[in-house]
Amino acid sequence: MARVVVDVMLKPEILDPQGQAVANALPRLGVTDVSSVRIGRRIEIDFTGEADLDRAREIADKLLANPVIEDYEVRLVEGAEVA
Amino acid sequence: MARVVVDVMLKPEILDPQGQAVANALPRLGVTDVSSVRIGRRIEIDFTGEADLDRAREIADKLLANPVIEDYEVRLVEGAEVA
Amino acid sequence: MTTQQSGFAATDVLATGSDEPDTVERAEKSPDDLQPYGDLGLKDDEYAKIREILGRRPTASELAMYSIMWSEHCSYKSSKVHLKQFSEKAPKNVRMLAGIGENAGVVQISEKIAVTFKVESHNHPSYVEPYQGAATGVGGIVRDILAMGARPVAVMDPLRFGAADHPDTARVLPGVVAGIGGYGNCLGLPNIGGEIVFDPCYQGNPLVNALSIGVLPVERLQKKEATGTGNIVVLLGARTGRDGIGGVSVLASATFDEEAEQRRPSVQVGDPFMEKLLIESCLELYDAGLVSGIQDLGGAGLTCALTETAAAAGTGMRVWLERVPLREASMSPTEILASESQERMLLIVTPENLDAVLKVAEKWGVWATAIGEVTAAAEDGTPGRLHITWNDHVVVDVPPGSLADDGPVYNRPFREPNDLMLLQADRAETLPRPSTGDELRATLLRMAGSPNLCDKTWVTEQYDRYVLGNTILAQPEDSGVLRIDEETGLGVALSVDGNGRFARLDPYEGARLALAESYRNVAVTGAEPVAITDCLNFGSPEDPTVMWQFSEACRGLADGCLELGTPVTGGNVSFYNQTGAAAIHPTPVVGVLGVFDDVSRRIPMGFPPPAKAGGDLLFLLGE
Amino acid sequence: MRIGVVTFPGSLDDGDAARAARIAGAEAVRLWHGDPDLHGVDAVVLPGGFSYGDYLRCGAIARFAPVMESIIDAARGGLPVLGICNGFQVLCEAHLLPGALTRNQHLHFRNRDQWLKVEATGTAWTNGFTPGQEILIPVKNGEGCFVADTHTLDALEAEGRVIARYIKGNPNGSQRDIAGITNEAGNVVGIMPHPEHAVEALTGPSLDGLGFFTSVLRSLAKDGQLAGGQQ
Ligand SMILES: Nc1ncnc2c1ncn2[C@@H]1O[C@H](COP(=O)(O)OP(=O)(O)O)[C@@H](O)[C@H]1O
C-alpha cells in the first residue's frame, strides 16, 4: 500500500474564522506567543498499487481543493509514516 | 517566525464519513486505484518567537483535537516549508 | 478493569486461547471454562440461567449477546413490571395501529394517514462525546420511526444540563446542540421544539432526549417479524465497524463514573448523509412492496435485530456472519454481533424480491448484503433457533426468544427517600415574598437572569425549522405544528415537557404535571390531543429510593393518561443517570401528539409577526 | 412551463423547490443527479440541502454529477438556472458563478428570517422585483459566507451582478453583505437564503420568495426562451 498526503490550506488572503477562534482562545490557556493559527485539511490517499503522485495532483486539483480559495500540496509518504 | 504543524486525524477505528464520500466519488473522476481516503485537519501555528513544541502539544490536546475520537501529531516545520 | 470496553473484543480469545473463535462444539467440550460474565454486566444467577437455557456454557459470542439483550437498556428488566400499567390502564383507543412493544407507536389520524412518534434518550454517550452522542441519538430515533414504514418529518429535543456557568456545561451544551443540529439538519428534518433546562443535578449526567415523528399511509405500516421460511435476511446501510462495542450494556446500564474515561472507544460516529440515503431507499422499498419485515439496528446492533425479528415471528434464522460488510477486516464474530455501527437496517425479503431490493440500494448508493435466511419453526410449533456461523464455525445456536423476550425480570425493592418529608415540608408558602419595590425589583432581576428563563435562540437558530416546507409553528411556540397533508389541511401538534424539580418533590404528581403541561401546550394550539410518548430518565434502579420514584412516576403517568383518555404509545426508560451515589432528579419527559383536521386553524401563541399582521382583535377576559 | 428541480444524494429542499415552482404556476419536473437528460425543461433549480453530506466542501462532489455536465452546458447556452444555498455552492464549485461559500464567521449553522435588499433586477430570476425592494426570506446555512478576491467583488458590483444583499444584520459574515449574485448573462443566479420557504402564508415568514419563481416564468414567457446576455 502506498500513501499520498494532500495538504489543503486556505489561501493566505482568505479569512479563516476557525483558526481565528482558536487563536483568540489561546490567551485563556496562558499562551501569548502565537501570532497566527490556520486550519486546513489533511487528506490521506491510499493507493492499491503504487502511489501515483500525478494522479493525486489531479484529484487534488479537481476535487480536493477549491482553487478560488485554497492552495494545496501533494507529497508521498514513505513507509514509516504510514501507520 | 517559527511554525509548528499539528496533524489531527480520526483514530483508525472511527468511521470517517468524509473520506468515504470522497473515495466513493473518485471513480467518477476516472480514478479506480485508490483503496481509502481519510480526511483530517492540518493546523499551522505560527509563534512570534521560537517555536514551542510543548506549548503546541498542549494547544493540540486542549483545543485542536478531540482525544475521544482523534489522534494528533505535532511537528516543527523548518524554514523552507513555511510559505 | 479494562474489561468493559475491551470485553467483547477479548472474549473470543479469552475463551479459546487461540485465534479461532469460540464455537458451540468447543463450548460443549469445555464446560468448565471460566467466562467473564461479570465484566459483561451479568449476575451469577443470570449466567446460570443462560447455561440452563442452552444446556451448556454459552460460546463467547452467545455470552456477549445475552449480556447485551439482558442489559437494563434492552430488557427493561427493572422497569417492565411498572411499565405494564401503560397497557393495562390504557384507555381504549381506535386510532392506535401499533403500540408498546413496537419500534414506535403508530396512530391513525385520518382514513388514509397515520403518524408514528417516539422519544428516546442518549444521555450517557452525549456526556462522553457531546457532538457524536447527541447526533447518533437523533439518528437512532429516526431509524425507529423509519422502521414503522414512515417518512420521518420532524424532530424535537428535550435537553437537561448542569449549571449554566459550570465549565463542563460549556463543553457539553455546545457540542450537544451542534450534534443535534448537525445530524437533523443534514437529514432534512425540521426541529420543531424541545426543552433546555439547567440544574446542577444534571452536571455529571446531562439528559439528551430526542423525539422524532413520521408519517405513513395506513397500508404502508411495516412489521418486524421475520416470517416466511426461506426468506432472505438483508443488512442494509453502513458497513460494520468497531464503533460502540459494548455501548448499550456498558454506557446505559451501569452507573456512570470516572471509568467513563476508559469506555471512550465505545463512542459511535454518525453519518447523517448515509442515514438520509437509508431513509430514501427504505421508503422506495416500502412503496414497491419489497419488504416483508424490517427492524432498525440501534443500541444492540445485529444481536438485537436478529433476535427480535426472529423471536417476533417464532421462526429461526440462519446467518453467515462473514458476509457482513466490515470496515475493519480483523473484526471477530463477537465484535460483529455487538457492534453499534450506525445507519443500518435489517430487512426480511422474499427470494424473488432480492434482486429488486439490491437494485434500489444500489440506486441510492447504500450497501445491501444478504447475510442469512429465515428457517422454520419446529413441527410441534416450538420456535426456530438462531444459528450463526462464521467461516463455517458455529458461533451461535440459541432460541431467539430467550434473548429477546425471556430476559430476567426484577421486582426491585423500593422505598420513599428519607428526605422526602423534609423536602415537602419546605412549602412554597414559607418562601420569602417580595413586599417592597426594591425586593420586587430584585426578584424580577433574578428571574430575568435565570438561565432557565433565557432566550433560547442561540440554540434554536442552529436548527433548520423550515426544511420540508410543512412547519407551521416551531420555536418558541408552545407546540410544534406540522402540516401533514397539503390537500386536506390535516396537521399535527407536538409538545414535550417535563419538570424534574416537581418530580423530585412528588414523582406521582410530577409525572402527571409533565403530562398535563404537554397536553395543555398541544391543546392551546387548537389541536385535539390523542396520544402520548415518554422518556423516563432516572437514577440507578438498584437504589430503592430511585425505584420508588420510578414506580410513582409510572403510576402517575398511567393514571393521568387514563383520566385524559390518551394512551401511551411507546417510549423509553433511561436508568443509571447518576454520578456516584447522587441520582439526577427523577425526570419523566412526556410528549403529546395532537391532531388538526384543518391545520390552518392553528392558534399561535403571540401576536402575528409584523409581516403578517393586520386585523386581529384583542380581548381581555375577566374584569 | 417546466422547471426542473435536481435531486442529488443529500438534497433536502428539492420537494420545497418543486412546490414553489408549482405555486408560481409552473410544472415541476424532478431531475436525478445520475441522469444527464434534462427532459426538455425550460429552467433548472439546484435546491438546498447537504449534497453528499456536504463532506469535503459543500457542493464539491455534486458538481461532478452527470446531470451537472448537461446543466453547465445548458447554462452557458442561456438556460435559466437558480442555485439556492447548497445549489449556490454547487454553482460556485462548477465555476458558473465566481467566488466561494465558506464557513460562517461565527462558526455556527444559523436559521433565521432574514431581510434582504434586492439589487439587480435584470436577471431571469429577479425581474419581478423592483430595485431596492426589501424582502423577508429564511436563511439557514453553516457555510454561507460569500468570499471572493477584491477584484472579483469590485467587478460584481461594477457590473451590477449582486442580486441581493443582507440588511438588518449579516447572518454569516459574507463579504459586502452579499446574499446572491448572477453570472454576466443574467441567466444563472445563486442565492444563499431560501426563497422556496417563503411562498405560502401558512409556512413562511412572507410570500416574498415567490418572486424568484414568477420572475423566471415571466422572462421565459417574454422571450419564448431567455435570450442569453439580456440584462
Ligand atoms: N417509558 C415507556 N413508556 C412506554 N413504552 C415504553 C417505555 N419504555 C419503553 N417502552 C416501549 O417498550 C418497547 C421497547 O423499547 P425499546 O427497547 O426502546 O425499543 P427499540 O427496540 O425500538 O429501541 C418499545 O415499544 C417502547 O415503546
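**Figure 1. Leu557(C), a buried residue of chain C.** At a relative accessibility of 1%, Leu557(C) falls under the 20% limit and therefore counts as buried. The model shown here and in the other views is predicted. Leu557(C) belongs to helix 22 of chain C, which runs over residues 544-564. Beyond the neighbours within four places in sequence, Leu557(C) is in contact with Phe86(C), Ala511(C), Leu515(C), Asp534(C) and Val590(C). Tyr508(C) is 49 residues from Leu557(C) along the chain, and the C-alpha atoms of the two are separated by 7.4 Å.

**Figure 2. The shell of residues around the ligand.** The ligand is surrounded by 17 residues, and the closest of them are Tyr76(C), Gly101(C), Glu102(C), Asp534(C) and Gly571(C). By type, the shell consists of seven nonpolar, five polar and five charged residues. Four elements of chain C each supply at least two residues of this shell: helix 6 (80-88), strand 3 (113-121), strand 17 (528-537) and strand 18 (568-574). Strand 18 of chain C gives the most, with five residues.

Figure 3. For Asp144(C), the distance between a side-chain N or O atom and an oxygen atom of the ligand is 3.0 Å. Glu120(C) has a polar side-chain atom 3.3 Å from an oxygen atom of the ligand. On its own the ligand has 550 Å² of accessible area, and the protein covers 86% of this.

**Figure 4. Asn185(C) and its contacts in chains C and D.** Asn185(C) sits in helix 9 of chain C, residues 167-187. With a relative accessibility of 3%, Asn185(C) counts as buried, because buried means under 20%. A polar atom of the Asn185(C) side chain lies 3.0 Å from the backbone oxygen of Gln462(C). Leaving out residues up to four places away in sequence, Asn185(C) touches Ile180(C), Gln462(C), Tyr463(C) and Asp464(C) in chain C, as well as Leu12(D), Phe50(D) and Phe109(D) in chain D.

**Figure 5. Helix 4 of chain C, a buried helix.** The buried residues of helix 4 of chain C include the charged residue Glu62(C). Others among them are Ala60(C), Leu63(C), Met65(C), Tyr66(C), Ile68(C) and Met69(C).

**Figure 6. Helix 3 of chain D and the residue His95(D) just after it.** Helix 3 of chain D spans residues 86-93 and has eight of its eight residues buried, so this helix is largely enclosed by the rest of the structure. The buried residues are Asn86(D), Gly87(D), Phe88(D), Gln89(D), Val90(D), Leu91(D), Cys92(D) and Glu93(D). His95(D), just after the helix, takes a positive phi of about 60°.

**Figure 7. The interface of chain B with chain A.** Five pairs of chains are in contact, and of these, chains A and B share the most contacts. The interface brings 31 residues of chain B into contact with 32 residues of chain A. Between them the two chains bury about 2,900 Å², 59% of it on carbon and sulfur atoms. Leu29(B), Asp33(B) and Arg42(B) supply 19% of the area that chain B buries against chain A, more than any other three residues.

**Figure 8. The interface of chain D with chain A.** Here 16 residues of chain D are in contact with 15 residues of chain A. The area buried between chain D and chain A is about 1,200 Å², with 70% of it on carbon and sulfur atoms. Leu56(D), Arg57(D) and Leu107(D) provide 39% of what chain D buries against chain A, more than any other three residues. Chain A and chain C, in contrast, are joined by no contact, and their closest C-alpha atoms lie 13 Å apart.

**Figure 9. Arg42(A), a buried residue in strand 2 of chain A.** Strand 2 of chain A, which holds Arg42(A), covers residues 34-47. Arg42(A) has a relative accessible area of 5% and is buried. Its side chain makes a polar contact of 3.1 Å with the side chain of Glu44(A).

Definitions and conventions. Residues numbered from 1 in each chain as written. Chains lettered and ligands numbered in written order. Predicted model: local features only at pLDDT ≥ 70, side-chain atom pairs only at ≥ 80, totals over all residues. Heavy atoms only, no water. Near = heavy atom within 4 Å. Polar contact = N/O pair within 3.5 Å; in protein donor to acceptor, adjacent residues only side chain to side chain. Areas by Shrake-Rupley, 256 points an atom, 1.4 Å probe, with all protein chains shown as cover. Buried < 20%, exposed > 50% of the residue type's maximum accessible area, 1.4 Å probe, protein only. Contact = heavy atoms within 4.5 Å. Buried area = accessible area lost by both parts, 1.4 Å probe.
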